[in-house]
Amino acid sequence: MRRYSAFAIAREALRYHQGWERAWASPAPKKRYDAIVVGAGGHGLATAFYLGRNHGITNVAVIEKGWLGGGNTGRNTTIIRSNYLQDPSAAIYEKARSLYETMSQDLNMNVMFSPRGVIMLAQTEHEKRGYLRTAHANAAQGVDTEFIGPEKVKQLVPIINIDGPRYPVLGGLWQARAGTARHDAVAWGYARACSAMGMDIIQNCAVTGIETEGGKVKAVNTSKGRIETGKLALVVAGHSSELAEMAGFRLPIESVSLQALVSEPVKPCMDVVVMANTVHGYMSQSDKGEMVIGGGTDGFNNYTQRGSFHHIEETVRALVETFPMISRLKMLRQWGGIVDMTGDRSPILSKTPVGGIYVNCGWGTGGFKAIPGSGWAMAELVAKDAPGPLAAAFGLERFREGRFIDESVAAGVAH
Amino acid sequence: MLILDCPYCGIRADETELAPGGEAHLTRVGPEGSDAAFESYLFDRKNPKGVHFERWRHAAGCGKWFHAARNTVTLEVYGTYPAQVTEPPKALLAAISKKVPGWEGWQ
Ligand SMILES: Cc1cc2nc3c(=O)[nH]c(=O)nc-3n(C[C@H](O)[C@H](O)[C@H](O)COP(=O)(O)OP(=O)(O)OC[C@H]3O[C@@H](n4cnc5c(N)ncnc54)[C@H](O)[C@@H]3O)c2cc1C
Ligand SMILES: [Zn+2]
């Protein structure tokens with residue numbers, strides 16, 4: 001792999017950019033791999049990356065039915081934060097946030113991590129008490145957050161309306177180290193690094209069946225033929241139930257559509273991310289100037305990557321109330337992704353009823369921020385056939401044991 | 001916009017007046033059930049990419065719970081039927097089988 005650098009740009013500028021090599025190879029699948037990861041979203045690619053980087057397992061294929069990063073990883077609104085309530089969540093999300101800080105250097109790819117800060121607005125007394133509690137929990141967990149008053153909110157976000165008639169801003173949970181990153185670059189960076197380690201990234205190749213023998217995984221059938229493996233990681237977000245069905249088990253997951261939209265680009269007007277959970281909307285400004293907006297999920301099972309119109313209407317209504325100046329912005333694009341929801345709104349990193357098959361799913365509406373931490377924890381689970389400290393609490397057995405990691409209150413809105 | 005016919009009051013209701021109630025026809029596990037069966041009843045879901053049987057409530061209308069059969073990929077609605085049944089009506093199943101070749105059935 002030729003490294004990207006300022007020097008490389010200068011060199012290529014002098015020779016009409018003829019020397020850039022392909023970021024990753026597109027090989028035909030081999031007969032067998034030590035480990036196969038299904039799904040080349042951020043979580044699948046990060047899993048493969050850390051299998052190589054932390055555990056020395058490089059005979060790995062990442063199999064993707066579409067193009068890499070074309071699932072939720074390329075459809076999200078890129079909010080990165082770690083101000084969760086429960087200890088296991090804080091641990092894995094904070095690990096991920098801290099890995100984002102050095103990701104551009106680690107992957108030699110500019111992922112444009114921008115720790116611009118995230119405010120979660122408190123707009124009811126109940127919500128305020130909730131965030132005060134989270135701020136205290138975060139202090140105990142070593143996660144740097146702070147509850148700020150309405151004046152500080154207004155100072156950080158001049159375009160906000162803090163005394164709206166329905167839901168005045170009573171303060172907010174502020175995480176200064178939180179922010180955003182370029183989603184595609186995260187997927188590309190991992191793919192390039194995996195390819196450089198000799199892993200095969202196989203795109204346009206759908207897994208259509210899973211072969212097991214004596215309760216253990218043997219091979220996967222794909223649109224490019226049968227491939228054997230001893231370890232299979234299913235990292236397919238909204239399609240997890242489909243893959244689990246192929247392996248003969250069910251998951252506590254339901255797939256629903258989550259939408260986002262962006263406005264026409266405008267001059268810089270908001271340099272932090274603002275989430276308004278009570279009214280169900282959140283907004284940030286992209287480096288191109290577009291206002292990036294997200295809201296709630298549909299309430300019913302859906303695989304269409306579209307979503308219901310009335311949800312966008314609700315979101316926009318809420319945001320116009322919160323940021324009156326956006327009322328005249330034109331919206332440019334709207335899209336949806338299929339998110340994998342668990343009952344406790346926490347992810348699943350787990351062994352499964354089938355030997356050698358592992359699942360990483362349930363990140364639902366908020367897994368972009370978790371990509372490096374999740375890959376780190378998942379690689380350990382796959383490599384050692386046992387979860388490490390980051391993954392241990394997220395096993396499937398928590399549902400049987402009633403040991404939920406309840407984040408449904410902390411994450412009232414999708415992000 | 002998703003539109004379902006309420007089998008009780010007969011109104012063609014759009015999703016803003018309906019409340020989704022999740023997968024239908026789950027078999028409740030009794031006191032003798034195993035932990036695994038209870039877990040499965042509470043949490044495991046079919047979540048199919050295709051034909052889905054689900055519960056809905058005509059929340060901003062007559063208030064009744066009912067059932068709907070819907071495709072989660074095409075969003076086609078195959079039909080709705082009352083709540084007081086433990087399995088989908090035979091005629092509806094036959095109609096779906098005809099429309100979706102190779103469909104593995106509702107269970
Ligand atoms: C609109 C929207 C906004 C969001 N905003 C945020 C946010 O602000 N912050 C945040 O942290 N998170 C956010 N999320 C959530 C985040 O996007 C996801 O949790 C995360 O991207 C999941 O990554 P993944 O790698 O698990 O899944 P994906 O990126 O979806 O990757 C899964 C891959 O598996 C592939 N696949 C599926 N079936 C098969 C098969 N049979 N064979 C081979 N490959 C298969 C798919 O094609 C896909 O590429 C948002 C999501 C959406 C939809
Ligand atoms: Zn009715």
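Which polar backbone atom is 3.2 Å from an oxygen atom of ligand 1? It belongs to A:Gly366. The model described here is predicted.

A:Asn72 places a backbone N or O atom 2.8 Å from an oxygen of the ligand. A:Thr77 uses its side chain instead, with an N or O atom 2.7 Å from a ligand oxygen. Of the 1000 Å² of accessible area that ligand 1 has on its own, the protein covers 97%.

## The shell around ligand 1

Ligand 1 is surrounded by 38 residues, and the closest are A:Glu64, A:Asn72, A:Thr73, A:Thr77 and A:Lys369. By type, the shell holds 16 nonpolar, 18 polar and four charged residues.

In chain A, the elements giving two or more residues to this shell are α2 (42-55), β12 (254-263) and β16 (331-341). The largest share, three residues, is from β12(A). Domain 1 (23-93 + 182-252 + 344-401) and domain 2 (118-180 + 255-341) of chain A each supply at least three residues to the shell.

## The zinc site in chain B

Ligand 2 is a zinc ion, coordinated at 2.0 to 2.4 Å by B:Cys6 (SG), B:Cys9 (SG), B:His58 (ND1) and B:Cys62 (SG). The angles among the four donor atoms are 102 to 116°, and the site is tetrahedral.

Along the sequence, the donor residues follow the spacing C-x2-C-x48-H-x3-C. B:Cys6 and B:His58 are 52 residues apart and link distant parts of the chain. B:Cys6 is in the loop between β1 (3-5) and β2 (12-14) of chain B, while B:His58 is in the loop between β4 (51-57) and β5 (65-71) of chain B.

Methods. Residues are numbered from 1 along each chain as its sequence is written. Chains are lettered from A and ligands numbered from 1 in the order in which they are written. This is a predicted model: local features need pLDDT of at least 70, side-chain atom pairs count only at pLDDT 80 or more; totals for chains, interfaces and linings use all residues. Side-chain values use heavy atoms; hydrogens and water are left out. A residue is near a molecule or strand if one of its heavy atoms lies within 4 Å of it. A polar contact is a pair of N or O atoms within 3.5 Å; within protein, one must be able to donate a hydrogen and the other to accept it, and residues adjacent in sequence count only if both atoms are side-chain atoms. Accessible areas come from the Shrake-Rupley method with a 1.4 Å probe; for residues, only the protein chains shown count as cover. Helices (H or I, at least four residues) and strands (E, at least two) are DSSP runs, numbered from the N terminus. Ala, Val, Leu, Ile, Met, Phe, Trp, Tyr, Cys and Pro count as nonpolar, Asp, Glu, Lys and Arg as charged, and the others, Gly among them, as polar. Domain bounds come from an automatic or database domain assignment. Donors are N, O and S atoms within 2.8 Å of the metal (3.2 Å for Na, K and Ca); water is not among the atoms, so sites may look incomplete. Four donors count as tetrahedral if all angles lie between 85 and 135 degrees; four count as square planar and six as octahedral if opposite donors are over 155 degrees apart and all others between 65 and 115; anything else is irregular.
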